[in-house]
Amino acid sequence: MKNTVWIPGGHGMLGSRLSALAAADVDVITTTRADVDVADRAAVLAFAQRRRPTLILNCTAYTAVDKAESEPALATAGNADAPAWLGEAARAVGARALHVSTDYVFDGSGSRPLREDDATGPVSAYGRSKRQGEERFLDATSGQGLVVRTSWLYGPGGKNFVLTMLKLMAEREQLKVVADQRGRPTSTSTLAQRLWLLAALDATGIVHVADATGPQGISWHDFAVAIHAGASARGLPLQAKSIEAIATSAYPTPAVRPAWSVLDCSRCETLTGPLPSWTTTLEAFLDLQKL
Ligand SMILES: NC(=O)c1ccc[n+]([C@@H]2O[C@H](COP(=O)([O-])OP(=O)(O)OC[C@H]3O[C@@H](n4cnc5c(N)ncnc54)[C@H](OP(=O)(O)O)[C@@H]3O)[C@@H](O)[C@H]2O)c1
């Protein structure tokens, strides 16, 4: 019998990549908010009972980081309640369950790569809702679920830093990008591949997944410079001649971002093999842009 995999949020940036990379021998059910509102406990439990998935890969989230500051209840419903209901549904039907979380659960004060068991301390409403979601998901699955934390995610079909930069670089001669926040970019291709590998193992708890950088990660400014160089090499439309490095204080946003969120991904590498370098995955993504 084929395994049945339920991907709520299957039309989002990660969910669409994940379903595209599914093996041929699994039945994938993707749902949108219109099919199943994952913040609705009864709807989630009823859907799971009806379709009996053997694996649930939660790709839903309330991802509006700045807006979450003014609508924390919506962020909590999407990022804390929903994973609890999905975890409960998984336990009810005996399914394995993976839930995706974020580097924004950390407070940004570190200076070495952050391990899964390092203290969290979110500094935004989004980060707090995601941290609650991790705890409630693990409780609901009686510790049998797996939380996959990732960072600086980008890919086709979503709002993300790389596509925003490409658009701005095509429109403006000068760009200013913050240089004092450091992390690890992650392509949705990398994350989707690792999610499928991790789903097939019996690993529980928390695991960090991101593209490989050095131990100091990179800054958003480093990332923008690499995007510019890659776009230029491919003849993509470019007006931008300079990318100025600025401090976070010169670019105020409603939500505070952690200054340091470089993830230590050694647990993932032990379980699934070496992660690709961030430059390799960025190049592959930029190749798609010139088609
Ligand atoms: N993007 C990043 O930089 C980043 C970084 C670290 C971690 N992450 C995590 O990575 C995961 C995937 O993010 P993403 O960028 O792929 O997000 P995304 O493109 O915004 O996709 C999220 C999907 O979830 C759906 N959704 C939200 N609330 C729902 C609800 N109540 N019921 C049903 N569906 C709902 C959304 O549908 P609607 O369009 O209808 O709302 C959307 O299709 C999330 O857990 C996110 O927190 C992202």
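In strand S10, isoleucine 206 is the bridge partner of valine 147. Strands are DSSP runs of E with at least two residues, helices are runs of H or I with at least four, and both are numbered from the N terminus. Strand S5 (residues 146-150) and S10 run parallel and are joined by four bridges. The model is predicted: local features need pLDDT of at least 70, side-chain atom pairs count only at pLDDT 80 or more, and totals for chains, interfaces and linings use all residues. Residues are numbered from 1 along each chain as its sequence is written.

S5 and S10 belong to an open sheet of six strands with parallel pairing, in the order S2-S1-S3-S4-S5-S10. Two strands pair if DSSP finds at least two bridges between them. The edge strands, S2 (26-31) and S10 (205-208), each pair on one side only. On average, neighbouring strands of this sheet are turned by 20 degrees against each other, direction ignored. Axes are lines fitted to C-alpha atoms, for helices over the stretch in contact, and angles run from 0 to 180 degrees between N-to-C directions.

Helix H3 covers residues 72-93. Its 22 residues should span 32 Å at 1.5 Å a residue, and its end C-alpha atoms are 31 Å apart, which agrees. The expected span is 1.5 Å times one less than the number of residues. Just after H3, glycine 94 takes a positive phi of about 75 degrees.

The ligand is surrounded by 26 residues (C-beta atom, placed from the backbone, within 6 Å). The closest are Gly9, Gly12, Met13, Leu14 and Ala61. Helix H1 (13-20), H3 and S4 each give two or more residues to this shell.
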